[in-house]
Amino acid sequence: MSYTKRPDGRKFDELREMKAKVGVVPRADGSAMFAFGDTIAIAAVYGPKPFHPQHLQNPEKGVLRVNYDMLSFSVTERKKPGPSRRSQEISKVTEWALAPALQIENFQNTVVDVHIIVLQANASTRCAGINAASLALAHAGIPMTELVSAVSVGKIDDKIVVDLIKEEEDYEDGEGATDIPMAFLSNSKKLTLLQLDGKTSAEKLKEALEAGKKACEKISELQKKTLKEVKGE
Amino acid sequence: MTPKTIKEKTEKEEKVEEEIGKETKREIVVPGEVIVSGDDYLPGEWTERKGKEIVALRFGLADKSGRLVKIIPLSGTYIPRKGNVVIGKVLDITFNGWIMDIDAPYQSFLQAMEASKFVNKNDLSECYDIGDMVAVKVWSIKRKGIDLTARGRNLGRLEEGIIIRVNSNKVPRVIGKEGSMINLIKTETNCDITVGQNGIIWIKGNKVEDELFAEKAILFVTEKSFVEGLTEKTKEWFDKQKKSKKKEAKEEED
């Protein structure tokens, strides 16, 4: 039996209902919330500000520092609070995914701090985090060439599926499930994040990238719309 | 001139005014968005030319004045410019000056020579102590930090009064055209006000009530920063506030 129907009744190329909001943390220089269905991430941006400890400063350009974490009640099995191997890895890849869009060369010896927190998790948390962080960075007035949008594409059995949920990630029949999170720049469509957890053929990966690109276009539309609505504040 | 030609003229003038209105209309842009395309425009602050198009490099309001296209920031930290008057807090004292916090991305330093009054070289804390608020001017911006000066009119240590903080991008609205807004608030509230470009504002009045009233007025201005003809609106707001105060006073008398 092959994979023909998704558990939540979506089409294979359909995203979950997305929600985005800017300015959710008044104290921060910029902040945003982004949700894929019941996966919710918030991001707060502080800076550019002086970078301490001094030996980490870069005299040639500004530094981006990302901190990703999940709240202990965000998943069904309580997550032990504090940094872990997983959260450190995601912080780092998020940093690399966002950095190509930023223009912080002229802020030498400073740091831009991005804090991403997942309030509720149902897969694709790093993608929701990147989307929220991209909005928050723009909201904080950091010079950027474009926005970043991310989505997770999966290969479940032999089908390419956009925006996985936890149930699909755990699918085991046939070829099983492969999770491929990816991030694109909004205008140049350059790929800034590509991870692959599982097995896939080269053709299927190409197919997944195309599906991801299409989904990211929808996400970046929502991001632009959200930022344009800030005016009322 | 016949009445007809006069009418034609006014119609033409109206058209011209409309066009100017359209040109100065500002729109929110997001990073990477194309603001205008064509060789007629020049890229200004926070914009970049990419082939034929002028692209936004940050989030803000796109402003087309004449041929120049620039972005007016709506949010973000204060970025110091030479000549800005800012209000800062003394963080530390070194042997030849003070390290200040002016809410900018870089360290800022006030040399002992640049203090607003006589300095006892042996004890700099006599002049400004840690935690004091000082109105200073940005003297120069170097790679390693900002140099400040406290020599000049209305600069120096701030004594008494209250300090409030607003979004530094809204400071131009608080000051108004050639100081129209801040002068209005000063005269209406009877307070002495120093507005730092970094969004820190010092208010000093004879009574605490006056200071709080001035704070209320400034918060009104920052909240309504998108409204056009804001100075007029603020005047109306002051009239209303006065009326309600009078009413309260009367009721108390009764």
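Two residues are in contact if their C-beta atoms, placed from the backbone, lie within 7 Å. On that basis, the buried residues of helix H4 of chain A pack against strand E1 (18-22), helix H2 (125-139), strand E6 (148-156), strand E7 (159-162) and strand E8 (177-185) of chain A, and also against strand E1 (27-29) of chain B. The model is predicted.

**Helix H4 of chain A**

- H4(A) covers residues 202-228, which makes 27 residues.
- From its first C-alpha to its last, H4(A) reaches 39 Å, close to the 39 Å expected at 1.5 Å a residue.
- The buried residues of H4(A) include Ala208(A), Ala211(A), Gly212(A), Ala215(A) and Cys216(A).
- Further along H4(A), the buried residues include Ile219(A), Ser220(A), Gln223(A), Lys224(A), Thr226(A) and Leu227(A).
- An α-helix has 3.6 residues a turn, so residues three or four places apart point the same way.

**Packing of H2 and H4 in chain A**

- Two packed helices are described by the angle between their axes and the distance between the axes.
- For H2(A) and H4(A), the angle is about 35° and the axes are 11 Å apart.
- The crossing of H2(A) past H4(A) is right-handed.
- On the H2(A) side, the residues that meet H4(A) are Asn131(A), Ser134(A), Leu135(A) and Ala138(A).
- Their counterparts in H4(A) are Ile219(A), Gln223(A), Thr226(A) and Leu227(A), and these four are among the buried residues of H4(A).

**Cis peptide bonds in chain A**

- Gly47(A) and Pro48(A) are joined by a cis peptide bond with omega of about 5°; Pro48(A) is in strand E3 (residues 39-50) of chain A.
- His52(A) and Pro53(A) are also joined by a cis peptide bond, with omega of about 0°.
- Pro53(A) lies in the loop between E3 and strand E4 (63-70) of chain A.

- Asn109(A) is not a glycine, yet has a positive phi of about 65°.
- The loop that holds Asn109(A) runs between helix H1 (85-98) and strand E5 (110-120) of chain A.
- Asn109(A) has 22 other C-beta atoms within 10 Å and is therefore buried, the cut-off being 20 or more.
- Glu160(B), also a residue other than glycine, has a positive phi near 60°.
- Glu160(B) is in the loop between strand E13 (156-157) and E14 of chain B.
- Glu160(B) has 8 C-beta neighbours inside 10 Å and so counts as exposed, the cut-off being 12 or fewer.

**Asp157 of chain A**

- Asp157(A) is in the loop between E6 and E7 of chain A.
- With 17 other C-beta atoms within 10 Å, Asp157(A) is partly exposed.
- Asp157(A) and Glu175(A) are 18 residues apart in sequence, while their C-alpha atoms are 4.4 Å apart in space.
- Leaving out residues up to four places away in sequence, Asp157(A) touches Ser2(A), Tyr3(A), Asp173(A), Gly174(A) and Glu175(A).

**Domains of chain B**

- The domain assignment of chain B gives domain 1 (36-74), domain 2 (85-157) and domain 3 (162-247).
- The C-alpha centres of domain 1 and domain 3 of chain B are 32 Å apart.

**Strands E3, E6 and E7 of chain B**

- Strand E3 (residues 42-43) and strand E7 (residues 68-73) of chain B pair in the parallel sense over two bridges, with Leu42(B) opposite Leu68(B).
- Strand E6 (residues 60-65) of chain B runs antiparallel to E7(B) and is joined to E7(B) by six bridges; Asp63(B) stands opposite Lys70(B).
- The hairpin of E6(B) and E7(B) has two residues between the strands, and in this hairpin Gly66(B) takes a positive phi near 70°.

**Sheet E14-E16-E15 of chain B**

- Three strands of chain B form an open antiparallel sheet in the order E14-E16-E15.
- Strand E14 (162-165) and strand E15 (191-195) of chain B are at the edges with a single partner strand each, so one side of each has no neighbour in the sheet.
- Direction ignored, neighbouring strands of this sheet are turned by 20° against each other on average.
- E15(B) pairs with strand E16 (residues 200-205) of chain B in the antiparallel sense over five bridges, and Cys191(B) stands opposite Gly205(B) in E16(B).
- Helix H3 (residues 180-189) of chain B packs on the sheet and touches E15 and E16 of chain B, its direction making about 155° with that of E15(B).
- Helix H4 (residues 208-223) of chain B also packs on the sheet, touching E14, E15 and E16 of chain B; the direction of H4(B) makes about 145° with that of E16(B).

Terms used:
Residues numbered from 1 in each chain as written. Chains lettered and ligands numbered in written order. Predicted model: local features only at pLDDT ≥ 70, side-chain atom pairs only at ≥ 80, totals over all residues. Expected span 1.5 Å × (residues − 1). Domains from an automatic or database assignment. Pairing = 2+ DSSP bridges. Axes fitted to C-alpha atoms, helices over the stretch in contact; angles between N-to-C directions. Left-handed = near helix turned anticlockwise from the far one by under 90°.
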